[in-house]
Amino acid sequence: MRNRVLLGLAMGYAGIVVIGPVLNNKLADVYGLSFTASMPLLAIAYILLDVVANQWGKREARTVVLCALIVRMVVYLLFIPGILALPASREPAGFSGLFHQALRNFISGEGANFLFQFVVAVPAFVWLRDRMQGRWFVLRYLVITVPILVMQTSANVIGSYAFVPGVDMVTLVTGQATMKLLFSVAAWPLAFIANRVVGTVHAD
């Protein structure tokens, strides 16, 4: 049962981050703050990763990050040759630009995700878990995960849109960072419930 729960969490995380680069192409604007459509889903993805790190440990959480990277690479490697082989006359209007932006989002997103999650967030989260003897999950989520996600988001946005004409980088980075902070903090009840539910199953 515990292995199936771990597999489900890993699949949920991987599924969300796989579609992230596509959703990043859709920019929304709320009260002057710009953010991508992937923002709410990604807040959920990193809660799932924190639950894995909290219940199973650093090695399993890092494995989930690597598996998601492999899945995304396989998806892109399978579809890119076929997409490039399509006759240009059959491409929808604007498709080429959308495709290249998605590829740019993928490269930028994976670089930021690996650096901030695999190298920094997961080890820091587990280290603090051990110091707190497994308690205060939500506090660790707010103190470790949320600030790192804000930095990761800013780095990802800069890598994705730095050379795109017509994009106001200051507004976009500020909007993304602010909305990431708001979405992530607002999701703390979900983090609490997810950890409690998974913790109960993990203890059985």
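This is a predicted model: local features need pLDDT of at least 70, side-chain atom pairs count only at pLDDT 80 or more; totals for chains, interfaces and linings use all residues.
The protein chain has 204 residues, of which 46% are buried. Its secondary structure consists of seven helices and two strands. In sequence order the elements follow the pattern α-β-β-α-α-α-α-α-α. Among contacts with a separation of 6 or more, 77% join residues 24 or more positions apart.

Two packed helices are described by the angle between their axes and the distance between the axes. Helix α5 (residues 137-161) and helix α6 (residues 169-186) pack at about 155°, and their axes are 9 Å apart. Because this angle is over 145 degrees, α5 and α6 are roughly antiparallel to each other. Their crossing is right-handed. On the α5 side, the contact is formed by Tyr-141, Leu-142, Val-146, Leu-149, Val-150, Thr-153, Ser-154, Val-157, Ile-158 and Tyr-161. On the α6 side, the residues are Met-169, Leu-172, Val-173, Gln-176, Ala-177, Lys-180, Leu-181, Ser-184 and Val-185. Sorted by class, the contact of α5 with α6 has 14 nonpolar, four polar and one charged residues.

Helix α2 (residues 39-55) also meets α5. The axes of α2 and α5 come within 11 Å and cross at roughly 130°, which makes α2 oblique to α5. The crossing of this pair is right-handed. From α2, the contact draws on Met-39, Tyr-46, Ile-47, Asp-50, Val-51 and Asn-54. From α5, it draws on Phe-137, Arg-140, Tyr-141, Thr-145, Leu-149, Gln-152 and Thr-153. Seven of the residues in the contact of α2 with α5 are nonpolar, four are polar and two are charged. Tyr-141, Leu-149 and Thr-153 of α5 are listed in the contact with α2 and also in the contact with α6.

The crossing of α2 past α6 is right-handed. Here Met-39, Pro-40, Leu-42 and Ala-43 of α2 meet Gln-176, Met-179, Lys-180, Phe-183 and Ser-184 of α6. The contact of α2 with α6 contains six nonpolar, two polar and one charged residues. Met-39 of α2 takes part in this contact and in the contact with α5.

The interior of the chain was considered next. In soluble globular proteins, nonpolar side chains tend to be buried together. The largest nonpolar core of this model has 43 residues. The members that touch the most other members are Leu-9, Tyr-13, Ile-47, Leu-49, Val-51, Val-52 and Trp-56. At least two residues of this core come from each of α1 (2-23), α2, α3 (58-85), α4 (95-131), α5 and α7 (188-203). The largest share is that of α2, which gives nine residues. Ile-47 and Val-51 are among the core members with the most such neighbours, and both are also in the contact of α2 with α5.

Ile-193 is part of helix α7. Its relative accessibility is 49%, so Ile-193 counts as partly exposed. The C-alpha atoms of Ile-193 and Val-138 are 9.8 Å apart, although 55 residues separate the two in sequence. Asp-130 belongs to helix α4 and, with a relative accessibility of 42%, also counts as partly exposed. Between the C-alpha atoms of Asp-130 and Gly-57 the distance is 9.9 Å, and these residues are 73 apart along the chain.

The backbone of one loop was also examined. Most residues other than glycine have a negative phi. Gln-133, located in the loop between α4 and α5, has a positive phi near 55°. Its relative accessible area is 63%, so Gln-133 is exposed. Trp-136 lies in the loop between α4 and α5 and has a positive phi of about 60°, although it is not a glycine. At 60% relative accessibility, Trp-136 is likewise classed as exposed.

How values were computed:
Residues are numbered from 1 along each chain as its sequence is written. Side-chain values use heavy atoms; hydrogens and water are left out. Axes are lines fitted to C-alpha atoms, for helices over the stretch in contact, and angles run from 0 to 180 degrees between N-to-C directions. Helices (H or I, at least four residues) and strands (E, at least two) are DSSP runs, numbered from the N terminus. Angles under 35 degrees count as roughly parallel, over 145 as roughly antiparallel, 65 to 115 as roughly perpendicular and the rest as oblique. A crossing is left-handed if the near helix is turned anticlockwise from the far one by less than a right angle, and right-handed if clockwise. Contact means heavy atoms within 4.5 Å. Ala, Val, Leu, Ile, Met, Phe, Trp, Tyr, Cys and Pro count as nonpolar, Asp, Glu, Lys and Arg as charged, and the others, Gly among them, as polar. A nonpolar core is a set of buried Ala, Val, Leu, Ile, Met, Phe, Trp, Tyr and Cys residues joined through side-chain atoms within 4.5 Å. Buried means under 20% relative accessible area, exposed over 50%, partly exposed in between (1.4 Å probe, protein chains only).
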